[in-house]
Amino acid sequence: MRTRIRHGLPRRVTDLGSEADRATFRTLHTASLASPALREGLTVASAERSLKHLRALLGAPAVALTDTSAALAWDGEGEHHAEACGALAEPVVRHGSTRAGDASVLTCDVLACPVDEVVVAPLVIDERVVGTLQAFSTRTTAGLARATDEVARWVSGQLELAELDASRRRLMEAEVRALRAQISPHFIYNSLGAIASFVRTDPDRARELLLEFADFTRYSFRRHGDFTTLAEELRSVERYLLLEQARFGERLQVTLNVAPEVLAVAVPFLCIQPLVENAVRHGLEAAEGVGHIRIVAHDRGTECLIEVEDDGVGEDPERVRRALAGDADLDSVGLGNVDARLRTTFGDDFGLVVETAPGAGTRVLVRVPKFAPGVVA
Amino acid sequence: MTADVVPGVVAVALVTIATLAIGSYRQRFSRTTSDFFVASRTVRPALNASAIGGEYLSGASFLGIAGLLLVFGADMLWYPVGFTAGYLVLLVLVAAPLRRSGAYTLPDFAEARLGSRGVRAACSVLVVAVGWLYLLPQFEGAGLTLSAAVGAPRWVGAVVVGVVVVVGVGSGGMRAITFVQAFQYWLKLTALLVPLAVLLVVWMGDGSPGPVLRTDTAQWSLPLADGGGAGLYATYSLIVATFLGTMGLPHVAVRFYTNPDGGAARRTTLVVLVLLGVFYLLPPAYALLGRVYGESLAAAGRSDVMVLELPRVMLPGMAGELLTALVTAGAFAAFLSTSSGLAVAVAGVLGQDVTGRLPGLAGRRGTLSGVPAFRLGAVIAVAVPLGVSLLVPDLGVARSVGLAFAMAASTFCPLLVLGIWWRGLTAPGAVAGLVAGGLGCGGAIVTTFSPAPVTGWAGVLLEQPAAWSVPLAVLVMVAVSLATRDRVPAHAGRFLVRLHTPESVRP
C-alpha cells in the first residue's frame, strides 16, 4: 500500500532524490550562500556575512571566525564568550592543526549557556595560518570535530580564491603602473631637448611647451582611479602630440576627428595614449619623410569606436598577434597591455583590433561601450 | 498631382535631404594641437538643449495640440503646459543624478543602481513598449500631413518617414548627431513662427474678427465646462502623465549622456525649458486663428491638420501654398526627428538585448554583435509600429502620445525618482512596481483601443490611466522594497552619494 502511494508521486521522488541526496543538496546550497562573502577575503564584514551559513553547515549552537589573535565575528548563542576566542586560537595558529580548545576559559555563570566545549580548526592560505574557525557546543563529538575540520578546509579554499582575485587585481594595477613607468626616457629626453632648442629663439613657445610637458606628466603619473573620460584621455594625447610636433615639426601631420557625443565615455586610464605613441613611433621614427597620424572617435549608438591610424612602415601581422598575446620581446608592449585591460574591463568582445601589413601602415580599433556596470570615470 | 502640390513636395524633399546631409556631414579638424580643443568641443548646454528640443517636439506638438485646442477648448492647454513642465520635474529630480550615474539608457541606469539583470530586462521591454507607443502617432501624423499637403494616400507619409528613418539610423548617418537634432528644433520653430506672423497680419488686416459663433464660446474657453467630475479627473490624469512621463521617454534620457557632467545636464534642462516655452506659445495662437477661420476644418473632423490648412484657407493663392509648404516642412521635420530619436533608442535596446542574442545569423561567435545587430534592431523598431499604424488608422495623434507619456510615467518615473532619492529600493521591488505600472497602464491602453469601448467612469479611468497607475506603481515599488529589505544592494549608499555629489568636490 505504501509503495503505491509513493508510486502516485513518482516525479517528486525521482526529482528530489533520496534523503541523503537532498541533504547533500542542502549542504551545497548553504555552502554556496557563504562563498560570495568569503571570496572577499577574511575581514570583519565577510566573516559576519558568511558565519550564519557556516553555523548552519556545522549545526553547532555557536561558531566564531577569528584572525590569528582575536574574534572577527560570532554567530549563535553565548556571545559573551567572544573574548575567549583569541586565547583559543593561539595554540592552533602555532601548531596548524585542528584540536579541541581549552574548555576552562569557557566557564561562565549564565544559565543554560550552550558554550561549554569547543573545536578549533585553522584557516590556511598558502600553508600559512591566517585565522581559525571555532565551533562551540555543550559537548564536542568526533563528528563535530570532523565537520569543523572539513568546513575550515573549504573556507580556506574560498579564501585562497579570494587571494587569487586580489592578486589578479594587483596585476592589473601593476600593468597600469608599468604603462606609467613606460613613458619612455627617450620621450622625456627628446621633449626636453626640443623645448631647450626654443628657449632662445622662441621663449614663449618654450614656456608653453614646458607647461604642456608638466600637465602631460601629471596626468600620466596620477595615482587615483582606474578610469577616466575619453575627453581627458584625448587631452593628454593632444599634449603628447604637441610635444612630439615640437620635435618633428612639419614631419608629423595629425588629424583629429572626434564626435562630441562620445567625449563623456568612461575608458580605462591610459588606453589610447600608448596606441598613439606606437603610431608616432612606427609612423615616423622608422620611415623618412612626412608621417600622418589620424585619430577618429565615432559615435556608434550604444558604443564608441576609436581609430588610431598611421601611414608608416606597418608591421608583420604575426608579430602583432604575438604582441597582443603578451609577448614582451616586441617593442609594442603597450599594445598587449591595453588589449588585456580592455578585455578585463569590458569583456572579450572588446579587445583591440589591429589592421596592418608591412609597408601598409597600421590601424588600431578600440571599441568601448558607453555604459558598463562598475565603469565610471 | 496638380501644380499647387509642388511646394509641399519640394518642402518635404528638402527637409529629408537636409536631414540626411547634415547627418553625414563630419566636422574635420585637420591641424590639431591647438590648445585643448577637445575640451572646447564638448557639447555646450545650448546646443544640446536645441537637440533635445528638436528630438522632443514631435508631430503631436506641432499639429496635434492646435487641433485639440480647436475642438475641445481651453482644458487642452494642459497638453503644452504638461509637455514643458515635464522638464521642470526632470530638472529638479532627475537630470544631474542621472548624468552622474554614467548610464546611457534607462536599462543601464536600472542595472547600475540595482545590480540586477532582471530589472534591466524589464526596463528593456518597457523602453520598447514606450518607444513603439510613441512611434505609432508619428507615422500616423506623417500620413495625415502628406495627405493634407499633397493629397497623397494616408500610407505614403508613414512609409516615407519609416524608410527615411531606417536608412538614416541604419547607415549611422543620423545617429545621435547633435547638430541634426538642433537644426530640427530651429526649423520647426521657424516653420511655425513665420507663417503665424503672416497670418496674424492677415487677421489684423481683416479687422481682428472674433470667432464665428457656431460653437458656444463660453463653453470652449472655460476649462472643464462640460466634463464635471470625470473631466476634472481626466485633466489631473493628463497632468500626472505629462509632468512625470517626460523623464521616462527613452530618447530623452539618452541625450543626457552627451552632457559632460551633472551641472551641464541641469543647465541643458533649463535651456530646454526656455526653448519649449517659446515653441509652445505658437500652437495655441494657431488654435485661436483656427477658431476664427477654420471652423469648417473642425466640423469636417480634420482638426489634426488645421495648422497645415490654415494658411491656405486664410491666404488663397501662391502665398498660402508657400506658407503651407513651410509648415509641412516643419511638420515633416517633427516626424523625422522624433521618429529617428525613438528608433535609435529602441534599436539600441533591441540590438543589445534581442537581436544581439539571436544565434546563427552571423558573426564568429554565432551571434550578431555591434552594428549588424543594431541595424536589424532599427528595422524591427520601425517596422512594427509602422505596420500597426497602417492597420489601425485614426488613433488620434496627440492622444496616443498622451498614452506613451502615461506609460512612461507609470513605469520609469517611479524607478528613476525612487532609485535616485531612496536608498531602500530593491530589485524585486523595482520589478514589481514596473510590472504593476506597466500592466495597469498597458491594460488600460489595450482596453481603450478595443472595438467595444467601456463607457462611464470606468471608461474615463481606462482612457486616462496615469492618475491611478502612477500611484499604484509607486506603492507597489515601495511596499515590495520594504518587504524585501534584506535585498537592498550593498552599494546603494555609495551609489547615491555618487549621484548627488557634484563632480567638482569629488576626490
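User: Hi! What is the mean pLDDT of chain A?
Analyst: The mean pLDDT (the predictor's confidence in each residue, from 0 to 100) is 82 for chain A, and 90% of its residues reach 70 or more. In this predicted model, local features need pLDDT of at least 70 and side-chain atom pairs count only at 80 or more, while totals for chains, interfaces and linings use all residues. Residues are numbered from 1 along each chain as its sequence is written, with chains lettered from A and ligands numbered from 1 in the order in which they are written.

User: And where is the pLDDT below 50?
Analyst: That applies over residues 1-13 of chain A. Where pLDDT is low, predicted coordinates should not be read in detail.

User: New topic: at what angle do helix 3 and helix 4 of chain A pack?
Analyst: Helix 3 (residues 19-38) and helix 4 (residues 44-58) of chain A pack at about 165°, with axes 8 Å apart. Helices (H or I, at least four residues) and strands (E, at least two) are DSSP runs, numbered from the N terminus. Axes are lines fitted to C-alpha atoms, for helices over the stretch in contact, and angles run from 0 to 180 degrees between N-to-C directions.

User: Now the sheet: what is the strand order?
Analyst: Five strands of chain A form an open sheet in the order 7-9-10-12-11, with mixed pairing (two strands pair if DSSP finds at least two bridges between them). Strand 7 (252-258) and strand 11 (353-356) of chain A each have a single partner strand, so one side of each lacks a neighbour in the sheet.

User: How many bridges link strand 11 and strand 12 of chain A?
Analyst: Four, in the antiparallel sense, with strand 12 of chain A covering residues 362-369. In strand 12 of chain A, A:Arg363 is the bridge partner of A:Glu355.

Technical notes. Two residues are in contact if their C-beta atoms, placed from the backbone, lie within 7 Å.
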